[in-house]
Amino acid sequence: MRSAGSELGAAVLAAGLGERLRACGCPKPLVRVAGLPLVERAVRTLRAGGVRGKTMVVVGHRGEEVAEFVRSRFPDVEVLENPDYARGNGTSVLGAVPHLPERFVVAMVDHVHTPDSVRRLIATPGDFVAAVDSRPSFADPGEATRVRLESGRVVALGKGLEPYDALDAGLFVCSRAALEPLGGEPGPLSWNAIKRKWLASGGELAACDLAGAPWADVDTPEDIERAVDAVLAATRGSRDGFISRHLNRRLGRGITRRLLDTSVTPDQVSLMSFALAAASAGLLARGSLAAGGVLVQLSSVLDGCDGELARARLESSAEGQVLDAVLDRGADALIIAGMALGSRSRWGVQAGFLALAGALMVPYTRARWEAAFGEVPEEFTGFAATRDVRLGVLALGALTGVPASALLAVGAGAAAEVVRRLLALRGRRLGERDGREESGGEHLSDEDTLGDRRFGGRGAGGAYGGGAG
Ligand SMILES: Nc1ccn([C@@H]2O[C@H](COP(=O)(O)OP(=O)(O)OP(=O)(O)O)[C@@H](O)[C@H]2O)c(=O)n1
Ligand SMILES: O=P([O-])([O-])O[C@@H]1[C@@H](O)[C@H](O)[C@@H](O)[C@H](O)[C@@H]1O
């Protein structure tokens with residue numbers, strides 16, 4: 001048995017009978033939710049959430065089928081056969097403990113979570129921590145294990161518990177020291193029983209409140225759709241603009257849902273969005289403004305689906321982000337050129353140059369700011385701050401027959417946004433100078449900063465402008 005190492009490990013409990021999902025035909029851990037079998041989703045979520053140590057999947061009922069799948073997908077994940085699975089899921093946990101690092105996550109294979117919830121849980125101190133949810137959005141309180149809380153700790157738990165303060169979210173961080181003494185007796189042994197034994201022995205079960213974060217417990221066929229809803233709710237872009245929040249996401253969510261169980265990849269969706277933009281540019285240039293405007297908006301809707309699909313399948317990548325950003329810039333250039341030509345006016349072409357400069361400068365300032373300082377400030381908002389708004393204005397301008405005005409509005413809005421960001425940069429510098437004067441900190445000489453100035457901030461790397469502005 002390989003050393004368990006010291007990094008945080010994980011045990012995925014996947015040994016249950018899955019009686020209520022027997023109709024699916026395959027073992028419950030292989031039931032697909034939002035495009036991924038449950039056991040693959042569980043392992044990917046744990047890894048995306050920061051679990052770097054030894055990961056084990058505990059199998060039981062139809063264990064060979066599950067084991068074969070896990071070994072094919074994750075050669076570095078260990079599969080543990082639990083011969084006592086009929087006694088309850090507590091046997092699955094205790095069977096894994098001796099093979100795991102000192103601290104590890106326990107995850108139910110049938111509880112669909114987000115990487116962010118895993119991150120929040122593993123950041124919570126304690127020998128035994130339970131993820132709970134005081135504001136469940138997708139889980140069924142009738143089926144779930146309920147918990148009572150006092151001072152941020154679980155003090156009672158059980159199905160049907162009354163009164164209760166939150167639901168048990170089926171995700172835990174444990175230590176071997178806490179769990180090793182809790183086994184021993186013969187007969188049924190549920191994971192809930194082990195938690196109660198820990199409490200009865202005076203152990204503290206800290207609570208990490210997910211407070212409404214998307215998660216779902218998949219026990220019945222009806223739960224599958226609810227779990228897909230939870231997965232899609234978690235894919236919302238963090239940089240959405242007004243049009244994206246109120247129009248594109250609503251239209252795009254249905255498209256993403258249909259793509260989840262297909263072999264279509266996020267990169268292919270990015271390319272489809274670019275193709276629609278290119279087609280719209282051709283129509284606009286020929287003067288077919290209405291048709292071109294519709295395709296502009298469809299391209300914008302699809303531009304949101306690639307990221308949703310990648311996040312839903314837990315396969316977001318830096319390569320995909322760069323591809324998406326570069327295609328977005330190319331699409332912007334084609335659409336604006338098409339609009340300018342389609343305006344059939346000299347000032348429409350001039351407005352097109354302004355709009356094109358703005359459509360490139362806004363994401364560029366963001367990319368350079370992120371490369372130099374990391375996160376961009378909240379105030380990077382504004383009328384033309386995000387691509388969805390710029391494309392929405394262009395689509396509307398085409399549909400209403402005023403392309404030149406739309407180009408001017410986008411160009412002016414983008415110019416204002418770039419000025420806003422440069423002022424934010426100046427404000428940041430003044431703030432730092434005041435800080436240095438107060439603390440007497442050393443001033444960087446021109447030589448120290450020339451390199452930065454010449455190469456535009458910390459290193460010359462950094463992806464060029466994300467999908468947003
Ligand atoms: N002996 C067992 C029993 C259950 N589990 C796991 O514990 C979680 C909760 O199982 P539960 O839903 O209570 O039972 P299932 O067998 O999954 O489903 P059903 O009740 O429909 O049979 C699941 O991830 C299941 O795979 C386990 O690892 N070992
Ligand atoms: O819902 P289910 O999978 O039958 O039962 C599960 C329990 O076995 C587990 O102890 C708890 O942590 C989960 O939240 C869930 O309640």
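Predicted model: local features only at pLDDT ≥ 70, side-chain atom pairs only at ≥ 80, totals over all residues.
Modeller: Residues are numbered from 1 along each chain as its sequence is written. Local features need pLDDT of at least 70, and side-chain atom pairs count only at pLDDT 80 or more.

Biologist: What makes S9 and S10 a pair of strands?

Modeller: Two strands pair if DSSP finds at least two bridges between them. Strand S9 (residues 145-150) and strand S10 (residues 153-159) are joined by 6 bridges and run antiparallel, so they pair. Strands themselves are DSSP runs (E, at least two residues), numbered from the N terminus.

Biologist: Why is the set containing Val33 and Leu46 called a nonpolar core?

Modeller: A nonpolar core is a set of buried Ala, Val, Leu, Ile, Met, Phe, Trp, Tyr and Cys residues joined through side-chain atoms within 4.5 Å; buried means under 20% relative accessible area (1.4 Å probe, protein chains only). The largest such core has 62 residues, and Val105 and Leu171 are among those with the most contacts inside it. Helix H7 (residues 221-233) gives the largest share, 7 residues.

Biologist: Why does this core lie between domain 1 and domain 2?

Modeller: Domain 1 (4-231) and domain 2 (238-456) both contribute residues, so the core lies between them; the bounds come from an automatic or database domain assignment.

Notes. Chains lettered and ligands numbered in written order. Heavy atoms only, no water. Buried < 20%, exposed > 50% of the residue type's maximum accessible area, 1.4 Å probe, protein only. Helix = DSSP H or I, 4+ residues; strand = E, 2+ residues; numbered from the N terminus.
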